[in-house]
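Please describe the fold shown below and the surroundings of a few residues in it. A short report with one table is enough.

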Amino acid sequence: MRLFAVLIAVVVLTASLSQAVGLANVTSKQAQAVMSKNKKMFLLDVRTPDEFRQAHLKGSVLIPLGELNRRVQEIPRDRPVLVYCAVGARSATAASFLASKGYREVYNMTDGIVGWYQNGLPLQLGGK
């Protein structure tokens, strides 16, 4: 009986820890839906400055993946974070990193800005 109680406690603890991480993979269309429901979403672009200058999601903040560890304090902890790159590889790394640092609501856009563009969603062209 005691072993059963310990097993239940372990299952409950594991489930609560997995929910605390809050990392979700979403497509660009799903990301747009999440963004429309939550206007406080922090948009994190982890591409290079040159890629960002070509096109980006309006309102996004550029922190290239190579600078993320050093600049993580610039990302608010009290808002959901949507991470994107070109096609989803760099953003997956960044999203996992943020979740490991205790960010509770992190979304990785799996098809990146390329998928966003292919779905005809709005982009901010040029600029800094």
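The report goes from the whole chain to the sheet, then to the helices and single residues.

**Model and confidence**

This is a predicted model, in which local features need pLDDT of at least 70 and side-chain atom pairs count only at pLDDT 80 or more, while totals for chains, interfaces and linings use all residues. Residues are numbered from 1 along each chain as its sequence is written, and side-chain values use heavy atoms, with hydrogens and water left out. The mean pLDDT (the predictor's confidence in each residue, from 0 to 100) is 87 for the chain, and 82% of the residues reach 70 or more. Over residues 3-21 the pLDDT stays under 50, and the model has six contacts beyond four places in sequence for this stretch. Contact means heavy atoms within 4.5 Å.

**Chain**

The chain holds six helices and seven strands. Helices (H or I, at least four residues) and strands (E, at least two) are DSSP runs, numbered from the N terminus. Along the sequence they follow the pattern α-β-α-β-α-β-β-α-β-α-β-α-β. Of the 128 residues, 36% count as buried; buried means under 20% relative accessible area, exposed over 50%, and partly exposed in between (1.4 Å probe, protein chains only). The accessible surface of the chain is about 7700 Å², and 59% of this belongs to carbon and sulfur atoms. These areas come from the Shrake-Rupley method with a 1.4 Å probe; for residues, only the protein chains shown count as cover. Among contacts between residues at least 6 apart in sequence, 69% join residues at least 24 apart.

**Sheet**

Five strands make an open sheet with parallel pairing, in the order β1-β6-β5-β2-β4. Its edge strands are β1 (23-26) and β4 (61-62), each of which pairs on one side only. Two strands pair if DSSP finds at least two bridges between them. Strands of a sheet pair through backbone hydrogen bonds, either parallel or antiparallel.

Strand β2 (residues 42-45) is joined to β4 in the parallel sense by two bridges, with Val-61 as the bridge partner of Leu-44. Between β2 and β5 there are four bridges, also in the parallel sense, and Asp-45 stands opposite Tyr-84 in β5. Strands β5 and β6 run parallel and are joined by three bridges; here Val-81 has Val-106 of β6 as its bridge partner.

Both faces of β2 are covered, with Phe-42 and Leu-44 buried on one side and Leu-43 and Asp-45 buried on the other. Strand β5 is likewise covered on both faces: Val-81 and Val-83 are buried on one side, Leu-82 and Tyr-84 on the other.

**Helices across the sheet**

Helix α2 (residues 28-37) lies across β1, β2, β5 (81-84) and β6, and runs at about 120 degrees to β1. Helix α5 (residues 89-100) lies across β1, β2, β5 and β6 as well, running at about 170 degrees to β6. The axes are lines fitted to C-alpha atoms, for helices over the stretch in contact, and angles run from 0 to 180 degrees between N-to-C directions.

| Residue | Element | Relative accessibility |
|---|---|---|
| Asn-108 | strand β6 (residues 106-109) | 3% |
| Ala-31 | helix α2 | 1% |
| Gly-112 | helix α6 (residues 112-118) | 0% |

Asn-108 counts as buried because its relative accessibility is 3%. Beyond four places in sequence, Asn-108 touches Ala-24, Asn-25, Val-26, Val-83, Gly-88, Ser-91, Ala-92 and Ala-95. The side chain of Asn-108 also reaches the backbone nitrogen of Ala-92 at 3.3 Å.

Ala-31 is buried at 1% relative accessibility. Apart from neighbours within four places in sequence, Ala-31 is in contact with Val-26, Leu-82, Met-109 and Trp-116. Ala-31 and Tyr-107, 76 residues apart in sequence, have their C-alpha atoms 7.8 Å apart.

Gly-112 has a relative accessible area of 0% and is therefore buried. With neighbours within four places in sequence set aside, the contacts of Gly-112 are Ser-28, Cys-85, Ala-86, Val-87 and Gly-88. The C-alpha atoms of Gly-112 and Cys-85 are separated by 5.1 Å, although the two residues are 27 apart along the chain.

Notes. Polar contact = N/O pair within 3.5 Å; in protein donor to acceptor, adjacent residues only side chain to side chain.
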